[in-house]
Amino acid sequence: MDFKLTDKQEQLVATFREFGEKDFTNDSVRQWSKDGGLPDEIAKGFVDQYFGLKELMDGENKDAFTLCSQALIIEELSRCAGATLPFQNDLFNLRIVEEFAAGADIQLVLDDYRRSGRLLFALAISEPDAGSDSMGMKTSTRTTDEGIILDGVKTYVNNGEYAPYILVAAIDKDVEEADKYPPLAFWLLPRDLAGITAYPISKIGQSMLPFASIVFDKVKLLPEYRLTGRQGGFKQLFRLLEIGRVFTCASSLGMAQAAMEDAVIHARDRKAFGAQVGGFQQIEQMLTDMEVRLYNMRAILYRAAWEIDNAAETERLSVALMKRYVPQAATELASDALQILGGMGYTESSRTGRIWQDCRGNQIAEGTDQIMVRIAAPLIIEKYSRTLKS
């Protein structure tokens, strides 16, 4: 099997490596983490690079800019920054709009994003009492004498305090449930509607992503707020969540690679007891096991992205196995890197601790480690039942 990147993929990675290494210095990232977000010029710089390269590649090959391509971008920028960046959320949110909105709505969002470098909406799907169980969603709309009313609570809404619009997933109570999937609709709401209140969430990591909980209390909606493109409901949302998991794992892999590089530099250059730290047997074993994790993470990530791009029969299982393994392995790798750096790693001036926190958060984001077991195990039984006899 050929595991080499194609020439186009190498070009993609090189372009974003140049962008990332120029702008995402450790001092800059540390400051932006304190500020709670990226400067406008950095956000706009990413958008310009992304769409410029996308148009070039799409012009040469309509299907050139794949999910694999996007994963490579997120991986490389996360490596350069040693932190979770908002770009993965932007790309995922664009996928949501493309799948659920009509062409005019999509173009409005794209045009504004390219002009400003900021998505004009925050995506609100997760709920405090549902977590990884999206079908446990309680936020809903209902038509009353006063019009269409939205009630509910969303949590971990990235940029929920600041975006001018909110893209809300809600159960449509006007529709009778015909099957096991509740009727799901998306609404693109102005952020300043009466009855919408945002409360910031103070996290221990992923500081450049300002999250909020948002309460919708008898919010009056206009019919035109509802997205009226393809209506795939929960089935389509579940597939899109798989794409979000690829982005999360690409970020975890990139950050783990950064932690590995920091650990190797320290092990190579640091001396203790008159010898190079990297020559100590315990450090050698840690570095070896860390590299094994990187090999495995990269292989399982690329396979899952490729299977989604090619609509492989096993894509759902591959994504669940990827999400089960990659963030946890990245967290363990970052923890080992911090151990190798010692006290130097346990300071705010080192990015290794920040990487550990962000990777740990990715074990929860887009479906927890345990939920991936719930998804994967029945698929594994089904897979082997095709060939195994009782």
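Residues are numbered from 1 along each chain as its sequence is written, and side-chain values use heavy atoms, with hydrogens and water left out. Because the model is predicted, local features need pLDDT of at least 70 and side-chain atom pairs count only at pLDDT 80 or more, while totals for chains, interfaces and linings use all residues.

Helices (H or I, at least four residues) and strands (E, at least two) are DSSP runs, numbered from the N terminus. Helix H5 covers residues 87–100. H5 has 14 residues. From its first C-alpha to its last, H5 reaches 20 Å, close to the 20 Å expected at 1.5 Å a residue. The expected span of a helix is 1.5 Å times one less than its number of residues. H5 is mostly covered, with eleven of its 14 residues buried. Here buried means under 20% relative accessible area, exposed over 50%, and partly exposed in between (1.4 Å probe, protein chains only). The buried residues of H5 include Phe-87, Gln-88, Asn-89 and Asp-90. Leu-94, Val-97 and Phe-100 are also among them.

Helix H9 spans residues 315–341 and has 27 residues. Its first and last C-alpha atoms lie 38 Å apart, close to the 39 Å expected at 1.5 Å a residue. Of the 27 residues of H9, 19 are buried, so H9 is largely enclosed by the rest of the structure. Gly-342 follows H9. The phi of Gly-342 is positive, near 65°.

Two packed helices are described by the angle between their axes and the distance between the axes. Axes are lines fitted to C-alpha atoms, for helices over the stretch in contact, and angles run from 0 to 180 degrees between N-to-C directions. H5 packs with helix H6 (residues 103–116) at an angle of about 155°, and their axes are 9 Å apart. That makes H5 roughly antiparallel to H6. Angles under 35 degrees count as roughly parallel, over 145 as roughly antiparallel, 65 to 115 as roughly perpendicular and the rest as oblique. The crossing of H5 and H6 is left-handed. A crossing is left-handed if the near helix is turned anticlockwise from the far one by less than a right angle, and right-handed if clockwise. On the H5 side, Asp-90, Leu-94, Val-97 and Glu-98 take part. They meet Ile-106, Val-109, Leu-110 and Tyr-113 in H6. The residues of this contact divide into six nonpolar, no polar and two charged. Ala, Val, Leu, Ile, Met, Phe, Trp, Tyr, Cys and Pro count as nonpolar, Asp, Glu, Lys and Arg as charged, and the others, Gly among them, as polar.

The crossing of H7 and H9 is left-handed. Its contact residues divide into 17 nonpolar, three polar and seven charged.

Thr-248 lies in helix H7 (residues 233–269). Thr-248 counts as buried because its relative accessibility is 3%. Leaving aside neighbours within four places in sequence, Thr-248 is in contact with Gln-88, Lys-323, Asn-362 and Glu-366. Contact means heavy atoms within 4.5 Å.

Most residues other than glycine have a negative phi. Tyr-156 is not a glycine, yet has a positive phi of about 50°. Tyr-156 is placed in strand S3 (residues 147–158). At 46% relative accessibility, Tyr-156 counts as partly exposed. Asn-159 also has a positive phi, near 65°. Asn-159 lies in the loop between S3 and strand S4 (165–172). With a relative accessible area of 26%, Asn-159 is partly exposed.

Ala-163 also sits in the loop between S3 and S4. At 1% relative accessibility, Ala-163 counts as buried. Not counting residues up to four places away in sequence, Ala-163 touches Leu-120, Phe-121, Ala-122 and Arg-191. The C-alpha atoms of Ala-163 and Gly-195 are separated by 16 Å, with the two residues 32 apart along the chain.

Ile-196 lies in strand S6 (residues 196–200). Ile-196 counts as buried, at 10% relative accessibility. Ile-196 and Asp-336 are 140 residues apart along the chain, and their C-alpha atoms are separated by 43 Å.
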